[in-house]
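Please look over the model below before reading on. My notes follow as numbered points.

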Amino acid sequence: DGGDGVTQARRLGLAAVIAACALAALPASAQTQTDISGAWKFKTDVLPNKGCVISGDITFKRVAKTGDYACRFVSREDCDRVGGPTFTKVQQSCTAKIVKGEIVITSAVDRILDAGPADFKEQMFATQAYAPDHFKVRPSKGELIGIFHSSREARVRFWREQDLVG
């Protein structure tokens with residue numbers, strides 16, 4: 001019949017090793033895609049011209065039928081302007097689609113939540129002049145790295161909040 005239990009176990013073990021090596025040799029796109037579901041933080045490099053940095057918290061939720069993600073986030077733009085520092089806090093909704101290994105995040109402004117100082121806040125609420133924040137990122141060592149683009153463009157990094165509870 002071809003062998004005892006030990007020989008059969010060795011064959012199964014060898015088959016498992018070969019299968020694991022074959023899977024590891026596949027390109028990343030052929031392996032199971034990174035699941036980005038859940039909460040992330042993000043921050044851009046300094047945007048050109050106005051000296052602004054955009055940061056925030058974003059949550060991705062997989063859409064069952066498409067494999068895309070629905071997302072919501074609150075971003076905060078902090079700028080060092082000539083007249084003094086300003087900030088704008090904005091609630092946005094978005095979709096994230098995986099296109100050729102990149103995650104393309106397209107956003108829409110839901111509403112401006114806050115801004116400052118007072119005169120800047122009044123202007124922001126009157127004009128609603130905040131362009132949506134869009135991103136194009138790819139997974140890298142547990143983070144998402146890429147480009148932020150709106151009225152300006154800069155590098156951006158997304159990371160998951162570390163759970164400090166052991």
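**Notes on the fold, disulfides and backbone**

1. The chain has 2 helices and 8 strands. Helices (H or I, at least four residues) and strands (E, at least two) are DSSP runs, numbered from the N terminus. In sequence order the pattern reads α-β-β-β-β-β-α-β-β-β.

2. On provenance: this is a predicted model, where local features need pLDDT of at least 70, side-chain atom pairs count only at pLDDT 80 or more, and totals for chains, interfaces and linings use all residues. Residues are numbered from 1 along each chain as its sequence is written, and side-chain values use heavy atoms, with hydrogens and water left out.

3. The strands form a closed barrel of 8, in the order 1-2-3-4-5-6-7-8, with antiparallel pairing. The twist averages 25 degrees from one strand to the next. Angles run from 0 to 180 degrees between N-to-C directions, and axes are lines fitted to C-alpha atoms, for helices over the stretch in contact. Two strands pair if DSSP finds at least two bridges between them. Strand 7 (residues 143-149) and strand 8 (residues 153-159) run antiparallel and share 6 bridges. In that pairing, Leu-144 stands opposite Phe-158 of strand 8.

4. Helix 2 (residues 118-127) packs on the sheet. Helix 2 touches strand 3 (69-81), strand 4 (84-99) and strand 5 (102-116). Contact means heavy atoms within 4.5 Å. The direction of helix 2 makes about 120 degrees with that of strand 5.

5. How many disulfides are there? The count is 2, a disulfide being a pair of cysteine sulfur atoms within 2.5 Å. Cys-52 and Cys-79 form one, with sulfur atoms 2.0 Å apart. The S-S torsion of Cys-52 and Cys-79 is about 105 degrees, so this disulfide is right-handed. Cys-52 lies in strand 2 (residues 52-62) and Cys-79 in strand 3, so the bond ties together parts 27 residues apart in sequence. Both Cys-52 and Cys-79 are buried (buried is under 20% relative accessible area, exposed over 50%, partly exposed in between, with a 1.4 Å probe and protein chains only).

6. Another disulfide joins Cys-71 to Cys-94, S to S 2.0 Å. Cys-71 sits in strand 3 and Cys-94 in strand 4, 23 residues apart. Cys-71 is buried at 3% relative accessible area. Cys-94 is buried too, at 7%. With the bonded cysteines numbered in sequence order, the pairing is 1-3, 2-4.

7. Of the 166 residues, 27% count as buried. The largest nonpolar core has 29 residues. Such a core is a set of buried Ala, Val, Leu, Ile, Met, Phe, Trp, Tyr and Cys residues joined through side-chain atoms within 4.5 Å. Ile-58, Phe-60, Ile-105, Phe-135 and Phe-158 have the most contacts inside the core. Leaving out residues up to four places away in sequence, Phe-135 touches several residues, including Phe-42, Phe-73, Ile-147 and Val-156.

8. Some backbone spots deserve a look. Most residues other than glycine have a negative phi, and most peptide bonds are trans. Gly-116 and Pro-117 are joined by a cis peptide bond, omega about 0 degrees. Pro-117 lies in the loop between strand 5 and helix 2. Lys-100 has a positive phi, near 50 degrees, and is found in the loop between strand 4 and strand 5. Lys-100 is exposed, at 80% relative accessibility. Gln-128 also has a positive phi, near 50 degrees. Gln-128 lies in the loop between helix 2 and strand 6 (134-140) and is partly exposed at 42%.
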